[in-house]
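Here are some friendly notes to read alongside the model. Take them one at a time, with the structure open beside you.

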Protein chains: 2
Amino acid sequence: MIKEIKIYKGDIIFCESPDKFTTLENGYIITENNKIKETVQELPAEYSDIEILDFSENLIIPGFVDIHLHAPQFENLGLGYDNELLPWLENYTFPEEAKFSDTKYAEEIYKKFIKALYMHGTARSVVFSSLHLESTEILADLFLESGLGAYIGKVNMDRNSPSYLTENYKKSLEETEYFIKKYNKPDSMIKPIITPRFIPTCTPELMDGLSKLSEKYNVPVQSHLSENLSEIEWVKELHKEIETYAGVYNHYKMFGDRPTIMAHCIHNTDDEIKLMKEKGVFVAHCPTSNFNLSSGIAPIRKFLDNNVKVGIGTDIAGGHTISIPETIISAIHASKMYSVYADRTFHSLSISEAFFMATKGGGEFFGKVGSFEKDYEFDALIINDNELSGGSNKTIQERLEKYIYFGAKEDIIKMFVSGKEINRERF
Amino acid sequence: MIKEIKIYKGDIIFCESPDKFTTLENGYIITENNKIKETVQELPAEYSDIEILDFSENLIIPGFVDIHLHAPQFENLGLGYDNELLPWLENYTFPEEAKFSDTKYAEEIYKKFIKALYMHGTARSVVFSSLHLESTEILADLFLESGLGAYIGKVNMDRNSPSYLTENYKKSLEETEYFIKKYNKPDSMIKPIITPRFIPTCTPELMDGLSKLSEKYNVPVQSHLSENLSEIEWVKELHKEIETYAGVYNHYKMFGDRPTIMAHCIHNTDDEIKLMKEKGVFVAHCPTSNFNLSSGIAPIRKFLDNNVKVGIGTDIAGGHTISIPETIISAIHASKMYSVYADRTFHSLSISEAFFMATKGGGEFFGKVGSFEKDYEFDALIINDNELSGGSNKTIQERLEKYIYFGAKEDIIKMFVSGKEINRERF
């Protein structure tokens, strides 16, 4: 096998752990076959013959990772936030998702959606599609064409949904299995993920079947957990025999039996949090969505203190923005308000903690993704911040802070995912 | 006097009152000498000879009004938010402001600042400069050149500040008077405003002198009020003889004796709120800043219910963004979290309420500004939202919601302030 070595030079910043940034001014990232060999301050002599991809005076940061968002809600961004979760689903989300029975509409919107992802620097995402098989295949094929990494789930829902969005559970399982078999390939940048919408919309038969598919094909799982108090009450009514909301997923062996992401996690009990830790369940922290739908604030410090894995989710279109930097800001804001109003003993999130969640934290779901350490896949954004930070002597961390808080997608001048440059003119 | 009539056509949306939007699809705004004569759905026959400025398929909305921000902190956007108010002032704000003793630096940064204002659609602003007279004159002159409207205050501070930012109170008063006399002209787009930084940094002698200047020249007042609990404690220690923080400003006749803006107002007592209502004091609601510095959430519903006037302030660089749309989103987020965590009886802010505050609410400080009603000055943004909302049948309100939540400054294609188009290539 030929070894392809590449060398990237620039002002490098990333988080190996949540508590601090690693920075290298005029540093070098050396990759071999698209994986990182080393990230160093001085270029070792052995590489002196190799041409350098020189991004001096630009920031080089890991590509962003978004572990919870709904592709078919892209057109709904910004709409309907005078509602809370359940009426919002009924009045906005479901009518828009129904349109994805039309594959032409799906193609049009999914191109816009993927373009928005790469324009905003999101290298990897874990995505809900709608329940429509064909449109979900279109989404997967467009992702493959784009070069971005993604887990994609055909949504399953066979109860408590509008009639126009209710599946027969057998057909739902057949289509899910078809989708898994079509896309579950070892070296692919996109992968299937089992996606029961949430407990209220999935019968026991459907949950059983999905659980078996997850086990049979060794496919991960994503769903929603404890976003809203009315939702939690509803789950309790539907499953009186099981103590907790998380317990219902666990009962069906879809709570960490395979890699699992649960979105929101605002109102979990201590027992649930303990279970999440034990079974390695990821929290998708969706602070903008939790603001918009008045859901509340997830106690992220508690998850971190209990060694529960946490990544960031934009949760469009509960979230109003597909921008990970804006979602990082909301994560910090939310934690600050939690510490002022809910629990004064909580330390709010620092910028490095939030940035970690948005890169290496969520990236762990993809393997070695989201950092510039040895053996990590080379996902990177080149950020020209000359105008943002120009003229003044700022540290690399300060320059990153300015980019996060006041930068724009236009500041990203290049994007690499798993070592390959993304063509950001594609769609 | 010649009557100059202009007619603007487009999809018009504005708020006459906080509770709802007024919309006119393919409507007309007719101005006479830069003031609005009427805003109508059908063009009256008498205007049939006049050429129409046709912005069909674009939104026409009032220019934004920002009633609290610090011009010399523009370079600090995004920096240092792991701190609360008092250490943040010491470590970030004051060292940056000190640089404005250098008029060259001031000119460079103030050009960037004003450019950011007009690129983001802020037609009017109420601005803190630094304590430096010459740099404040530069700021005022650049504002005049830009065509934007502004109140500009030379900051006063003569105690409890770093030695390099502490004035002699006599000199402070002399320079303030000089600035007032130079810029206090009846028909000017920019005006002086008396600006004691906040109670802890102003001696009784200085406050007395500023009060007299305010009375003598009939100049309005701006300052900070009840942003942070440590700050409130500090004021109590400094003025044991006066019951409340607001009471100290009131003692010096700088609390509504002339038009007055108080920024933040997070922790006010009921007596203070009553006084604000009686004396017509404006609240500058600065939600992003209050998030960033962990200050808390101002109970805006309470102010609205008590008929206290409220406008929006970005409060850069406590706020991390000079964008009013982003600050509108934060205002709504803050109110939702207040209703979840602080007081379940509070209704959160609707999109129209927040938009009202960012246009007509704060605009009232400037006179008839921030609406498209009769006799209002014509401040308007033309927004091309074809790509944002294109292809789908959205109402004008939904299009505005999409612009606020997911639009960008680049969507603003033209800007008018008091009837004159702003040259957005100027700086």
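1. Start with helix α14 of chain B, where the buried residues are Ile396(B), Arg399(B), Leu400(B), Glu401(B), Lys402(B), Tyr403(B), Ile404(B), Tyr405(B) and Phe406(B). That makes nine of the 11 residues in α14(B), so the helix is mostly covered, given that buried means under 20% relative accessible area. Please keep in mind throughout that this is a predicted model.

2. Next, look at how the two chains meet. On chain B, 43 residues are in contact with 44 residues of chain A. Together the two chains bury about 3700 Å², and carbon and sulfur atoms account for 56% of that area.

3. The rule finds 16 residue pairs in polar contact across it, with both residues at pLDDT 80 or more. On the side of chain B that touches chain A, the elements giving two or more residues are α9 (287-292), α11 (324-342) and α14 (396-406) of chain B. Of these, α11(B) gives the most, with eight residues. By residue type, this side of chain B divides into 18 nonpolar, 15 polar and 10 charged.

4. Two salt bridges are counted between chain B and chain A. One of them is formed by the side chains of Lys394(A) and Glu75(B), at 3.3 Å from N to O.

5. Now for the rings: over all chains, the structure holds 51 aromatic pairs. Take Tyr151(A) and Phe365(A), whose ring centres are 5.1 Å apart; their planes stand at 70°, so the pair is edge-to-face. The two residues come from distant parts of the chain, 214 residues apart: Tyr151(A) is in strand β7 (residues 149-153) of chain A, and Phe365(A) is in the loop between α12 (351-363) and β15 (380-383) of chain A. Tyr151(A) counts as buried at 13% relative accessibility, and Phe365(A) counts as buried at 6%.

6. Which two chains does the pair of Tyr338(A) and Tyr341(B) join? Tyr338(A) lies in helix α11 (residues 324-342) of chain A and Tyr341(B) in helix α11 of chain B, so the pair joins chain A and chain B. Tyr338(A) is buried, with a relative accessible area of 15%, whereas Tyr341(B) is partly exposed, at 24%.

7. Over all chains, the count of salt bridges comes to 42. In one of them, the side chains of Lys302(A) and Asp270(A) meet at 3.1 Å, N to O. This pair links helix α10 (residues 300-305) of chain A, which holds Lys302(A), with helix α8 (residues 270-278) of chain A, which holds Asp270(A); the two residues are 32 apart. Lys302(A) is partly exposed, at 29% relative accessible area, while Asp270(A) is exposed, at 53%.

8. Lys99(B) and Glu96(B) form a salt bridge whose closest N and O atoms are 2.9 Å apart.

How values were computed. Residues are numbered from 1 along each chain as its sequence is written. Chains are lettered from A and ligands numbered from 1 in the order in which they are written. Side-chain values use heavy atoms; hydrogens and water are left out. Contact means heavy atoms within 4.5 Å. Buried area is the accessible area (1.4 Å probe) that two parts lose on being put together, summed over both. A salt bridge is a side-chain nitrogen of Lys or Arg within 4 Å of a carboxyl oxygen of Asp or Glu. A polar contact is a pair of N or O atoms within 3.5 Å; within protein, one must be able to donate a hydrogen and the other to accept it, and residues adjacent in sequence count only if both atoms are side-chain atoms. Helices (H or I, at least four residues) and strands (E, at least two) are DSSP runs, numbered from the N terminus. Ala, Val, Leu, Ile, Met, Phe, Trp, Tyr, Cys and Pro count as nonpolar, Asp, Glu, Lys and Arg as charged, and the others, Gly among them, as polar. Rings of Phe, Tyr and Trp (its six-membered ring) pair if their centres lie within 6.5 Å; planes under 30 degrees apart count as stacked, over 60 as edge-to-face and the rest as tilted. Buried means under 20% relative accessible area, exposed over 50%, partly exposed in between (1.4 Å probe, protein chains only).
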